[in-house]
Amino acid sequence: MSAAAPLPRLPEPWGTWIDRTHAIDFTFEGQGHHGFAGDTVASALAGDGVSVLSRSFKYRRPRGIHSMAGHDANAMVQIGDEPNVHAERRALAAGLAVEAQNINGSLGFDRGAWIGAFGRFLPVGFYYKAFYRPRGAWRFWEPVFRKRAGLGKVNLDAPHLYYDKQYLFADVAIVGGGPAGLAAAVEAASGGLEVVLIEEEAHMGGSLSFARLDGEGTRGRRLAADLVEAVQAATNVRVMTNAVANGAFADNWLPVIQGNRLYKLRAKQLVVATGAIEQPMVFRNNDLPGIMLGSAAQKLMRRYGVQPGTRAVVCTANAHGYGVACDLADAGVDVAAVVDLRGDAKGDAQVAAAQARGIRQVLGHTVHEAVGKARVRGVTVRPVTGEGTVGAEALHLDCDLVCTATGWAPHAALINHGGGRMIYDDALHMASIAKLPDGISAAGSVAGAFSVEAAIAQGRRAGWQAATACGAAWGPEPARPNDLGNHGVTHPWPIFTHPKGKEFVDLDEDLVIGDLVNGVADGFDEIELLKRYSTVGMGPSQGRHSGVSAIRLTAKATGRKPSEIGATTQRPPYRAEKFAHLAGRAFEPVRLTAMHARHLELGAQMMPAGLWLRPAYYGAKDGRDAAIAAEVSAVREGVGLIDVSTLGGIDLRGPDAAEMVERMYTWAYRKQPVGRARYLLMCDQTGAIIDDGVAARLHENHFYLTATTSGVDRVFQLMQFWNAQWRLDVDIAGVTSAFCGVNIAGPKSRQVLARITEGVDLSPAAFPYMGVREGRIAGIPCRLMRVGFVGELGFEIHAPAGCGEALWDALMAAGAADGIRPFGVEAQRVLRLEKGHVIVGQDTDGLTHPYEADMGWAIAKKKPFWLGSRAVEAQMKRGLSRKLVGFELVDPGAPCPEECHLVIDGDEIEGRVTSAVRSATLGKVIGLAYVGPKHFDLGAIFTIRTGAGFLQARVVPHPFYDPENRRQEL
């Protein structure tokens, strides 16, 4: 690890972002360091004299601070169990244990650095050209590369931390808290709208917090203070700092990451004011620690009070570089020279300020080579003779800091994510906006405004236009700026080849000029192909610093203009995002049925079912199998009670209620008698099964529909969507939460229920199978349906949710003499499988149509239409390639297969097991499985592959239990 004697922090007003009264201790590579509140890990290490933060990915070269913006892999570190942390962005905290990445040995002496001497033997695309011969060689090389590949280390046993999500809404969302974004926020807020301003840094101000806009160097800070004060005074502006808008999706949906929270922001209008990214120069050894962008040096000084070196060379091609030189000189750095690629430099206040300070100018020259090992120690300067060429005359300058300032690239990731398009402007030598999507506007340097006056004017105009698009009306439209100040900002070719190479274009991937030129020579002469062949722009920085140079080099190698090359596609996310943010804490709360407390009192082991918790079984965890068997026996031989409150409920009322059910489901319902229930099967437009349930007709114009626990929300949404097209006269109401439900089942269920039922004749003749009645149970108004998912005489009872506990208690008391026993989901699954009933989502998948599930019986053949009918017809014309069949094992003593065990035909996979159980009632293993056409017929033998071997199964008819439904129809 390279560490110089730390220089004292610069005095105020340098270091506006740190609190010098609050010191913070931390470690880096096991050694103690300190910084201040407000520091980042990188600024604290720089302030403590540390130059080398990491090693490069391929050649293990020492790397240090480059951008101070987290735009490259140079400053990525490991903090505890968290890999790939941008040290330039991570806020310093007490006790952090920071480690370097990509090292084998120590940071100061990496045993893997020897590979740099063999760089010429590792040309671009070498992994495509080698390691696959002789046959099987890759098996040897793969573990070698895997050991060297990767960045940080992942600890699979790391503790799960708290992450969550939150919805957020705004009329206008503004991304970027620089001069343009602040001006846009003030203007949009003036229209009385809800505005959200998103800034990824810890403070607002953007470039105003570090850039030198004039000779004195104070104007930017004054402008920032005024704009920030105006934003803070607007009560309808929500400011989110340290927040990253990680993408822009349809209808201005933005994922915004702030700390451990992912905000799902939806805005009517979006203003992108993300600024521009300073671009590096390319010359020999341009990756040495101590070589950084001019803006990075200014951030270290202005924001963190860190002097980035003692003797500096600034290589520039614009006024910004002279501003950097002035700031360095004012901070006590000895500026050896400003090396200007241009032959003339005059007319800018920053140039005049540098000249007034007596800073040496070397015009028409460039830094051609840097020298040093762990840090830059000097540079060789040569005259510029053409595009990327230099003269023989050499000037050597000693220095420990090189700042480059030769151009910028609009930071347009969000514009590309949202469907916009950028094109390379050959006159400006950088990209410009060719197309903006509807609902998105841009302001500031991302939109070509490089003077602060133009950026502010453009921001005001964008804010006004966004607010006006939201319906606000006030004041005249702000004028469009006349001069954007973008000419002469970016040099057309700050790329210089050296005979000895090592001119790094992509710091992430250790790619040099020759790699890209050779890639084009290998035939990959389109930028998207070259990207994949060479991996340029595929590292953590995603081409932020290498993309422009790659376009220029490709253009030169192919004899085209950069504007003819195009650019690689930028896709979200903008920054790497953690799986924890994506997983987070679910929005869906845990839902409890009205009888939940009773289940816990009875010793239930709860399990998730969609959003709900349901009893899996009742009893101790170590007695699971015995408990389930006892519950199954109770239902088959006596009487059992299960909570089915989680079933979805939908009320359809109106003259077209029957027509609605007729169109949405596969069976026939128009002539369904009042007081009768009928099975429901729903498909989507592709013909795939998505839900099932029961339709109870309570009145000519009133249906009560049940749906699956996890599917009811989709069913409800589909009904609303389609009725918006059909315009039927029907009211659709989701009533899942309004009702609780229980199913009492078993041979003794009628006699138990009869003890407490009022107003309903429960006799078989008066209340037949699939009948529906309304009455009172223990004084509670209820809807009763004679349905039998478990294959026994049973009654499904739906009552007001507030009466759940009372209903449960009444039924348990009424059945006490008959040994009534509660049963859970696991017993229900055994019972339903014995009866051959399908569970949607378990015995079907996202492609299963009714005939594949052997449910053709549930389709009304004479109906002209039902949702998905055309798709099912088309699929059936091709014939069945698979079908769900019932099976039993040929060997009754063989182990029971598990769900998703494969059905094998020779070397081919022809299906899978969807459900299987060892049935005590039947004395054998039974199940459902998808098989191919040769195994459709009864008696066919097929093979199931399990973890322990192969099983033989026989296709048998189902229901397996009571196929004639005698027990359900008692």
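Colleague: How many helices and strands does the secondary structure of the protein come to?
Modeller: Bear in mind that this is a predicted model. Runs along the chain were counted for each type. The protein comes to 22 helices and 49 strands.

Colleague: What box do the C-alpha atoms of the protein fill?
Modeller: The box is taken along the principal axes. Its size is roughly 110 × 75 × 55 Å.

Colleague: What share of the residues counts as buried?
Modeller: Buried means under 20% relative accessible area. The protein has 970 residues. Of these, the buried share is 57%.

Colleague: What share of contacts joins residues at least 24 apart?
Modeller: Take contacts between residues at least 6 apart in sequence. The share joining residues at least 24 apart is 66%.

Colleague: How far apart do the centres of the positive and negative side chains lie?
Modeller: There are 102 positive and 102 negative side chains.

Colleague: How many disulfides does the count come to?
Modeller: A pair of cysteine sulfur atoms must lie within 2.5 Å. By this rule the count is zero. Cysteine 896, for one, has its nearest cysteine sulfur 13 Å away, in cysteine 900. So the number of disulfides is zero.

Colleague: Does cysteine 470 count as buried or exposed, and why?
Modeller: The cut-off for buried is under 20%. Cysteine 470 has 18% relative accessibility, so cysteine 470 counts as buried.

Definitions and conventions
Residues numbered from 1 in each chain as written. Predicted model: local features only at pLDDT ≥ 70, side-chain atom pairs only at ≥ 80, totals over all residues. Heavy atoms only, no water. Buried < 20%, exposed > 50% of the residue type's maximum accessible area, 1.4 Å probe, protein only. Helix = DSSP H or I, 4+ residues; strand = E, 2+ residues; numbered from the N terminus. Contact = heavy atoms within 4.5 Å. Lys, Arg positive; Asp, Glu negative; His and termini not counted. Charge placed at Lys NZ, Arg CZ, Asp CG, Glu CD.
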